[in-house]
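Hi,

Here is the structure I promised to pass on, with some notes on what turned up in it. Have a look at it first, then read on.

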Amino acid sequence: MLIYLWAESHGGVIGYQGQLPWHLPADMHFFKTTTTGHTIIAGARTFASFGRPLPHRKNIVVSHRPAADFPADVTVLGSLTAVRTYARAHEAEQLFVVGGAQLFAGLLPDVDQLYRTTIQADFPGDTWMPEIDYSQFTRIGHQIGQTDERNPYPFTFEQFQRKN
Ligand SMILES: NC(=O)c1ccc[n+]([C@@H]2O[C@H](COP(=O)([O-])OP(=O)(O)OC[C@H]3O[C@@H](n4cnc5c(N)ncnc54)[C@H](OP(=O)(O)O)[C@@H]3O)[C@@H](O)[C@H]2O)c1
């Protein structure tokens, strides 16, 4: 099953200068607990933003570059077709597509579930979430995030399932 997991602020901003525009530890914690033990699929720019393969989960990177350019414990897929083939072969697993915008745009017809964090604040951005037709999805969960000193913006976690 292919699952998108991302955080967006006002206007669908998801990235700025190769990084996240915000620092929101509660969302990083959500990312970690949700993806640990599963598989993450990242575009090469998003993978570079991690700085290393993320521990305790299978790391897949999508890139035109050869596998030798990446750490040995990373699986490199060279096209979105290769991602789709991988997803079909691992249908029972939770495969979290964690961005960036290029992957989110390219795999939209294939995604089964959406895990969206919405941050109710304005941030400068240069990367945006592609438009999603939410009428094709049913909301199956939502939690309001706890705003505090370390997480100073209102934020919400939501999960959606593609309608049959
Ligand atoms: N807010 C969030 O939840 C969130 C999540 C993820 C990322 N982000 C942010 O988004 C930004 C990065 O996103 P991005 O859209 O610029 O980049 P990206 O999707 O992470 O990576 C783009 C790269 O992926 C590879 N790629 C993409 N499509 C491919 C295809 N069809 N076949 C083979 N390789 C393909 C290419 O790598 P090669 O050039 O190596 O071939 C391409 O340069 C950063 O600012 C990041 O922090 C935010």
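Let me begin at the ligand: one of its oxygen atoms lies 2.9 Å from a polar backbone atom of Ala 101. That pair is a polar contact, meaning two N or O atoms within 3.5 Å; inside the protein, one must also be able to donate a hydrogen and the other to accept it, and residues adjacent in sequence count only if both atoms are side-chain atoms. His 64 brings a polar side-chain atom to 2.8 Å from a ligand oxygen, and a polar backbone atom of Gln 19 is 3.1 Å from an oxygen of the ligand. On its own the ligand has 920 Å² of accessible area, and the protein covers 86% of that (Shrake-Rupley method, 1.4 Å probe; for residues, only the protein chains shown count as cover).

Before going further, please keep in mind that this is a predicted model: local features need pLDDT of at least 70 and side-chain atom pairs count only at pLDDT 80 or more, while totals for chains, interfaces and linings use all residues. Residues are numbered from 1 along each chain as its sequence is written, and side-chain values use heavy atoms, with hydrogens and water left out.

The shell around the ligand has 27 residues, of which Ala 7, Arg 45, Thr 46, Ser 63 and His 64 come nearest (a residue is near if one of its heavy atoms lies within 4 Å). By class, the shell has 12 nonpolar, 13 polar and 2 charged residues. Strands S1 (2-8) and S2 (13-15) and helices H2 (44-50) and H4 (101-106) each give it at least two residues; helices (H or I, at least four residues) and strands (E, at least two) are DSSP runs numbered from the N terminus.

The ligand takes up the space of the largest pocket (more than half of its atoms must lie within 2 Å of the pocket's grid points). A pocket here is an open set of points on a 1 Å grid over the protein atoms alone, where a 1.4 Å probe fits, with protein on both sides within 12 Å along at least five of seven lines; lining residues have an atom within 4 Å of a point. This pocket holds about 1,200 Å³ of space and is lined by 42 residues, with Thr 46, Ser 49, Phe 50, Val 98 and Gly 99 nearest its centre.

The second largest pocket has about 170 Å³ of space. Its lining includes Met 1, Arg 84 and Asp 112, and helix H3 (residues 80-89) gives the most to it, with 3 residues.

Finally, the backbone: Gly 99 and Gly 100 are joined by a cis peptide bond, with omega about 0°. Gly 100 sits in the loop between strand S6 (95-97) and H4.

Best wishes

Definitions and conventions. Ala, Val, Leu, Ile, Met, Phe, Trp, Tyr, Cys and Pro count as nonpolar, Asp, Glu, Lys and Arg as charged, and the others, Gly among them, as polar. Grid points are joined across faces, edges and corners, and a volume is the space filled by probe spheres set on the points.
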